[in-house]
There are 2 protein chains.
Amino acid sequence: MDDIARLVGVSKATVSRALQDSPLINDETKKRIVEVARSNNYVVNRSAQNLRRRRTDTIGLVIDFPALPEHRLSDPFHFELLGNIANALAARQQDVLWCSPQSAHAGGFENLLANKGVDGIIFIGQSGRHDELRALAKAGVPFVVWGAHREDANYCVVGSDNLLGGRLVAQRFRKLKRKRPMFLGPKGHVEIEQRCRGFEQEWGSAIEQLQVSDLSFISSRNAVLAWLDSGKPLPDGLFAASDTMAMGALAAFRERNIEVPKACSVCGYDDSPSALHHSPALTTVRQDTRLAGSVLVERLVQIIQGMPAASVLLPTDLIDRAT
Amino acid sequence: MDDIARLVGVSKATVSRALQDSPLINDETKKRIVEVARSNNYVVNRSAQNLRRRRTDTIGLVIDFPALPEHRLSDPFHFELLGNIANALAARQQDVLWCSPQSAHAGGFENLLANKGVDGIIFIGQSGRHDELRALAKAGVPFVVWGAHREDANYCVVGSDNLLGGRLVAQRFRKLKRKRPMFLGPKGHVEIEQRCRGFEQEWGSAIEQLQVSDLSFISSRNAVLAWLDSGKPLPDGLFAASDTMAMGALAAFRERNIEVPKACSVCGYDDSPSALHHSPALTTVRQDTRLAGSVLVERLVQIIQGMPAASVLLPTDLIDRAT
DNA sequence: ATCACTTTTGCAATCGATTGCAAAGAAGGG
DNA sequence: CCCTTCTTTGCAATCGATTGCAAAAGTGAT
């Protein structure tokens, strides 16, 4: 910047202002400076700028992506969500710093901001971290969470209406005259438990649950196979916690020649692209990842600017397809 | 840092060195400093550190993720690759700054480094940007590319052996006594063209090509349907440029009651998770995204450190499944 | 020509670390 | 006890911008 200043014959301060398009600088001068800067292909040094401004225009995205086969990223839903968040941020000229929770967590999330130099954080999923997040919020760290709403959240969470999603499925099953519904999903994910709860609320009673160990296709398939082979009574409606799991269940049904949807209706969750492409096309509960991404970003920006931001419950729809 | 220094009763320089675990500092002192720093939960300011060190320990990842339905990200392969790159970088304590090409490209990629403050760049796919990349390399910007190898690349590209992949498929089709193979894929992607070329090399002659407009499931399905309905002769072996496209083709075949693999063998590319889960399980050419991620990162680190790094051709395997 | 404003520009401090070099302190040898 | 050598520590410059405040230049009215 000093060089540019010398070249144009003004001070560094003037160059800095000109490049920021400050109204303080004469248009004539400004034009000259910008021109010289460009032709010498000069760009401001981000590190210096960040230091001085005490702001990085970068937000951190914390999402699990362990090496495990069942990691979250491998679920198309999170993938879509991620892409949409990145888009929403790009539209605001913000960059995305992708932090693995492992690395991010070194020294606790409260240090993430300073550590990584980000202005705010988006957490994908709060499972198992709720208390930490509460503390973070208390410490004044700007962040938003994609996940389930809870009474005791003192932070902004954006999530789709899992209770409603579950209810919609129950309504559909009732309309289809299903008598023995079953829920397929793992324990320990608040979002997922809410889906089940929503179903039960609408259904009017507790329903059978088939537990799986993780979110993967294969675990679901295996769990369903085990159930079928155990001789336990067949459900006539299966509500899976995600599309991936629904597809695992469908694979198991196929292997045991159980007709879908005749013998058993199957409903997934997420409306991931593969749900549409699957054969038979999967009936599912849609979550709008596009909207989710933009709402998350919008809220986070608000919070960074010191404004309060309320949590948001995004609507869900039942997408009726072949299963 | 000044505060910590005062608290411990040493100079700022000593604190800085202690926190970097410099051998210059007495162990005793070091321990004391680290302790005080932690208990006051101090963390170094990244921006300042970056400025002074002239290095950010952050690399930029440039990948298209437009809002279009056919965007790359929506292909599970890129998704997997991304996750694995992120993992490999996390293992080296490096962060990932995710740049949309749109934002990254403002002012040309040559400015990306300074602009975003990254030490190096990983480009996913070089299609249509080859010349720009050549210029970048000439300008001395440290980067690696995931993509196709070309004679005229003056930069490091890591990619799997698309020619070999194509060859493997041709060998298989020959063993299956197929007579009329067809290639399904879009124009304009060097990687994809190489797959086709590899096939033809092994096959010994040019083969029929069904062009699709993009990488999506739906375009492939539609293209195949159109072909089938046009009354043109049916191929007895279909080699699709990706698993997603193969699955589109399978959907079309199913709709027209064409038996797979009896009437027509189908082979995909990538070995994405869905290929295994698909019914019928998809025969495909496997690309090892895990390996890819770590090799990309390793090369980039080398380049950043000023060492030369040769391009790498990763092996591919044919995974024989039901189609 | 003077004065009161307004518009432009520049000075210099500041953001928060890192690091070359010099100096202080400790240890060992004669 | 002095001198050399090695280990620790501190001083102060530096990385490359941004910005409050003061000064200079320009404008117009009297």
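The questions below take up the DNA surfaces, the sheets and some backbone details.

User: What kind of model is this, and how are its parts numbered?

Analyst: This is a predicted model, in which local features need pLDDT of at least 70, side-chain atom pairs count only at pLDDT 80 or more, and totals for chains, interfaces and linings use all residues. Chains are lettered from A and ligands numbered from 1 in the order in which they are written, and residues are numbered from 1 along each chain as its sequence is written.

User: Which residues come nearest to DNA strand D?

Analyst: A residue is near a strand if its C-beta atom, placed from the backbone, lies within 6 Å of it. There are 26 residues around DNA strand D. The nearest of them are Ala13(A), Ser16(A), Asn45(A), Ala48(A) and Val10(B).

User: How many residues of the surface near DNA strand D are nonpolar, polar and charged?

Analyst: Ala, Val, Leu, Ile, Met, Phe, Trp, Tyr, Cys and Pro count as nonpolar, Asp, Glu, Lys and Arg as charged, and the others, Gly among them, as polar. By these classes, the surface near DNA strand D has 11 nonpolar, eight polar and seven charged residues.

User: Which residues come nearest to DNA strand C?

Analyst: DNA strand C has 26 residues around it. Helix 2 and helix 4 of chain A and helix 2 and helix 4 of chain B give two or more residues each to this surface. The residues that come nearest are Val10(A), Ala13(B), Ser16(B), Asn45(B) and Ala48(B).

User: What is the strand order of the open sheet in chain A, and which strands stand at the edges?

Analyst: Two strands pair if DSSP finds at least two bridges between them. The six strands of chain A follow the order 7-6-8-9-10-12, with mixed pairing. Each edge strand has a single partner, so one side of each is left without a neighbour in the sheet; these are strand 7 (208-211) and strand 12 (317-319).

User: Which strands of chain A does helix 10 touch?

Analyst: Two residues are in contact if their C-beta atoms, placed from the backbone, lie within 7 Å. Axes are lines fitted to C-alpha atoms, for helices over the stretch in contact, and angles run from 0 to 180 degrees between N-to-C directions. Helix 10 (residues 190-203) of chain A makes about 170 degrees with the direction of strand 6 of chain A. Helix 10 packs on the sheet and touches strand 6, strand 7, strand 8 and strand 9 (265-270) of chain A.

User: Which residue stands opposite Phe183(A) in strand 8 of chain A?

Analyst: Strand 6 (residues 181-185) and strand 8 (residues 237-240) of chain A run parallel and are joined by four bridges. In strand 8, Met182(A) stands opposite Leu238(A). The residue opposite Phe183(A) is Phe239(A).

User: Are the residues on the two faces of strand 8 of chain B buried or exposed?

Analyst: A residue is buried if 20 or more other C-beta atoms lie within 10 Å of its own, exposed if 12 or fewer, and partly exposed in between, with C-beta atoms placed from the backbone. On one side of strand 8 (residues 237-240) of chain B are Gly237(B) and Phe239(B), and on the other Leu238(B) and Ala240(B). All of these are buried.

User: Where is Asp57(A), and is Asp57(A) buried or partly exposed?

Analyst: Most residues other than glycine have a negative phi, and most peptide bonds are trans. Asp57(A) has a positive phi, near 55 degrees. Asp57(A) is found in the loop between helix 4 and strand 1 (58-62) of chain A. Because 16 C-beta neighbours lie inside 10 Å, Asp57(A) counts as partly exposed.

User: Where is Asp270(B), and is Asp270(B) buried or exposed?

Analyst: Asp270(B) is not a glycine, yet has a positive phi of about 120 degrees. Asp270(B) is found in strand 9 of chain B. With 29 C-beta neighbours inside 10 Å, Asp270(B) counts as buried.

User: In which loop does Pro280(A) lie?

Analyst: The peptide bond from Ser279(A) to Pro280(A) is cis, with omega near 0 degrees. Pro280(A) lies in the loop between helix 13 (273-277) and strand 10 (283-286) of chain A.
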